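Q: Please take a close look at a single part of this model. What surrounds that part, and how is it packed?

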Amino acid sequence: MQVLWQDLRNHLRLDFRPDLYVATALWAALLLTVNFSLNLENKYIDAYQGKPFRPALYFCLYATAYYGSVWLWTYFHNRPDIWRNRAFWLRSGVALISYSLYAGFWGQTTWSSQLFGGQIFEFAYYCLRNLQSVLTIVLPLFLFYQFADPYRSQFYGIAPKRKGMALYLILLALMIPLITLASFQPDFLHAYPTYRDTNADEFFGVPEWVTVLIYELCYGWDFVPTELMFRGFLVIGMVRVLGHGAVLPMVVWYCAIHFGRPLGEAISSLFGGYLLGALALSTRSIWGGLLIHIGIAWGMEIAAFLQGAS
């Protein structure tokens, strides 16, 4: 773990500039203010739900957040050459298009209506909503990795590594008391568990715990493409182009994908995204982020189930 802390200090030594970090914080604050003042995502972008135009709106939002942050980094580090780098445009374009399609995807509604004649629509919709990332994120990144990336190495950190795992486990353990405390709050129990009772168990003739398990596995899967994109592709993959500067722009975009969530969650994503990005850069693996993300998500589900059973 000492080696990991040394790597983090090296990252700050190489990338940290007070003017850059303050400017990036102000840029993120401006984006947050505009979104939550206008209710941008929930009121305007979601108004086009189910329409092909919706992914284009997400592309505009995410491109503004990401390229604005990259511009700040190139300005303060005097790196205008980045904007003439074909690899930068290719990688960032693939990332933005893929994640915008994921965020604005509407196919799961149609699929859920057609599957078993729509008799398990609600259950199918919840599961397919999490699994559609196989087509919208994982497949495009895999094709890029196989046919367009000259620096292929373990598919953007998907290979597990032991380096840093002790720190990730400590961070996850620190969350357990917070999750336990939150589980006694009415707002928490209103949002969790995300699983909702459906007729799927009766339709398939299985105990409800089976459908709960299937749903929770699908729910946990959805964090895999998120880590693959943000800590994998945008940090481990983009380090060949931006070096240590790959972290800050990723963090602001990562904050933007939380614009439909509560303000506190969106703000905390800036700090969590930075820490996970710097650690991914050090370890060249996304497994630590997966451990924390899925551990917290399933921890909140379990806490809510236990509260409901008590």
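Contacts, burial and packing

A: Trp253 is in contact (heavy atoms within 4.5 Å) with Tyr62, Ala65, Tyr66, Ala95, Leu96, Tyr99, Phe230 and Leu234, leaving aside its neighbours within four places in sequence. The model is predicted: local features need pLDDT of at least 70 and side-chain atom pairs pLDDT 80 or more, while totals for chains, interfaces and linings use all residues. Residues are numbered from 1 along each chain as its sequence is written, and side-chain values use heavy atoms, without hydrogens and water.

Tyr62 and Trp253 have the most contacts inside the largest nonpolar core, which has 79 residues. Such a core is a set of buried Ala, Val, Leu, Ile, Met, Phe, Trp, Tyr and Cys residues joined through side-chain atoms within 4.5 Å. Helix 4 (residues 54–76) gives the most to this core, 11 residues.

Because 10 of its 10 residues are buried, helix 16 is largely enclosed by the rest of the structure.

Helix 16 (residues 247–256) packs against helix 2 (residues 18–38) at about 15°, with the axes 10 Å apart. The two helices are therefore roughly parallel (an angle under 35 degrees) to each other. Leu20, Tyr21, Thr24, Trp27, Leu31 and Leu32 of helix 2 make the contact with Leu248, Val252 and Cys255 of helix 16. By class, this contact has eight nonpolar residues, one polar and no charged.

Key
Axes fitted to C-alpha atoms, helices over the stretch in contact; angles between N-to-C directions. Helix = DSSP H or I, 4+ residues; strand = E, 2+ residues; numbered from the N terminus. Parallel < 35°, antiparallel > 145°, perpendicular 65-115°, else oblique. Nonpolar A, V, L, I, M, F, W, Y, C, P; charged D, E, K, R; others polar. Buried < 20%, exposed > 50% of the residue type's maximum accessible area, 1.4 Å probe, protein only.
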